[in-house]
Amino acid sequence: MNLKQKKKLLKYLNILDHPVRFNPFVFSRAFLLWALLGLIGGVIAGVYWVGLEFLTHQLAFFNGWQVIPVMAISGLLAGLIIHFIGDPGEIHLIVNNIRFNKGKLDPKNNPSMVLSSLLCVASGGSLGPEAPLVQVTGSTGTWLGKLFRLKGEELRSLSIAGMASGFTALFGAPLGGSLFSLEILHHKHAVEYYKAIIPAFVASCFSYLVFALIIHLGLGPIWDLSAYQYSGIFDFAYAVLFAVIGAAFGWAFIFCTKFFKSLFEKKPLPIYIKTLIGGILLGIIAFYLPLTRYFGHHEINELLTGNFSLSLLFAILVFKIIAISITVTSGWRGGFIIPLFFVGTTLGIIIHQLFPSINLSLAIVSCMAAINACVTRTPMSTTILLATLTGFGHIIPILFASLTGYFLAPRIPFIGSQLGKE
């Protein structure tokens, strides 16, 4: 037998030694893993939301001067939970672990994150549930990846897909939630972890289906902006102009946060003392300006349907920024995306009252997009999220505003771990 015949025989034996596989589709077993993660993420988000709604209704019974002791006690309890059970960290830590810790999010502090954030959000803190959900569902992705012995980029992708499933469930925008989980990880490169795009899409879709089933969520905008009619090319210029104003208030929020951070760090204090002080300050603000209480999910609609004076709107704008800054820096747990949308809404209404001839919806959505993109560096996902949440029919003006806010953002990002390690 010559060499050529031996090679041919070895080739045939090698083929026979392996089972015949026939799959003409892109579909693979990995899809089932992404779908499973999405289903688990949807259940987690649904249960969390039901618990949050129940606790919020219980604590909403207290109003007037009673909000001050309620928020103070809630802050103290949240701080004690963090002190004794463990510090779950914030969005900075999530980004840092995804980028520099091989994509691993540790689930051991999830109980602390869930309990402390429920108290912080339900009592009226100016932070939303998006960050806790991203942390819990992202760490669930890490746990599932380890269970199936995934490593490297596969494990990181599953963690990112878990983050996307939690974010999507809350916002009801699978595409926007998926892109957000990628954009938030870097201040410049939106698709640094491009391998996670499809896993994030799949997990997001399944997560939203389960979440909608649990809380009976409708497929539609949650904030009812008045109808917008495109009036010409100048609308894009208006969107950019409003975005410049929105970006300026994004800078104001960042500087305000740094100011309160320096105050809280002047003297080393236990976390529960910081959260107690934060609760007292937030309660005082909520007592005088009730609309600044909570993270803005329902309050944005109150702004849109109410008839507020210009002076009251300015007060709400300024003190909402202060309230978010205090919440972020005093150790309260939650996310600041929806509260920033509330700030953008208030700013848009103020601009409309000053210049009644401009379109109200265009002013609001442009300010919302710019301030969020300026702070979080997420122009693509911000555009898609706002188009979904507001029902704003024309996506291009939102994109112009988001990009304006992004390019006018400070060179050093607000989320410090978005920068690469030197």
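Which residues does Ser-112 touch, not counting residues up to four places away in sequence? In this predicted model, the place of Ser-112 is in helix H5, which covers residues 110-123, and the residues that Ser-112 touches, with those up to four places away in sequence set aside, are Ile-81, Ile-82, Ile-85, Gly-86 and Pro-88. Ser-112 counts as buried, because its relative accessibility is 0% and buried means under 20%.

The secondary structure of the protein chain comes to 17 helices and zero strands, and of its 422 residues, 54% count as buried. If we take the contacts between residues at least 6 apart in sequence, 82% of them join residues at least 24 apart. The accessible surface of the chain comes to about 19,600 Å², and 69% of this surface belongs to carbon and sulfur atoms.

Leu-76 gives an example of a contact across the sequence. This residue lies in helix H3, residues 67-85, and with residues up to four places away in sequence not counted, Leu-76 touches Tyr-272, Thr-275 and Leu-276. Leu-76 and Ile-280 are 204 residues apart in sequence, and yet 9.8 Å separates them in space, from C-alpha to C-alpha. Leu-76 is described as partly exposed because its relative accessible area is 28%, a value that falls between the 20% below which a residue is buried and the 50% above which a residue is exposed.

Rolling a probe the size of a water molecule over the atoms shows where empty space is left. About 320 Å³ of space lies in the second largest pocket, and this pocket is lined by 13 residues, of which Ala-30, Leu-33, Trp-34, Leu-150 and Glu-154 lie nearest its centre. The elements that give two or more residues to this lining are helix H2 (29-59) and helix H7 (152-171), with the largest share, five residues, coming from H2. By residue type, the lining of the second largest pocket divides into eight nonpolar, one polar and four charged residues.

Two arginines bring us finally to the loops. Arg-149 is found in the loop between helix H6 (130-147) and H7, and although Arg-149 is not a glycine, it has a positive phi of about 60°. Arg-377 is found in the loop between helix H15 (360-376) and helix H16 (379-390), and its phi is near 60°, a positive value in a residue other than glycine.

Are these two arginines buried or exposed? Arg-149 is exposed, because its relative accessible area is 75%, and a residue counts as exposed when that value is over 50%. Arg-377, by contrast, has a relative accessible area of 6%, and is therefore buried.

Note on methods. Residues numbered from 1 in each chain as written. Predicted model: local features only at pLDDT ≥ 70, side-chain atom pairs only at ≥ 80, totals over all residues. Heavy atoms only, no water. Helix = DSSP H or I, 4+ residues; strand = E, 2+ residues; numbered from the N terminus. Buried < 20%, exposed > 50% of the residue type's maximum accessible area, 1.4 Å probe, protein only. Contact = heavy atoms within 4.5 Å. Areas by Shrake-Rupley, 256 points an atom, 1.4 Å probe, with all protein chains shown as cover. 1 Å grid on protein atoms, 1.4 Å probe; cavity = no way out; pocket = protein on both sides within 12 Å on 5 of 7 lines; lining within 4 Å. Points joined across faces, edges and corners; volume = space filled by probe spheres on them. Nonpolar A, V, L, I, M, F, W, Y, C, P; charged D, E, K, R; others polar.
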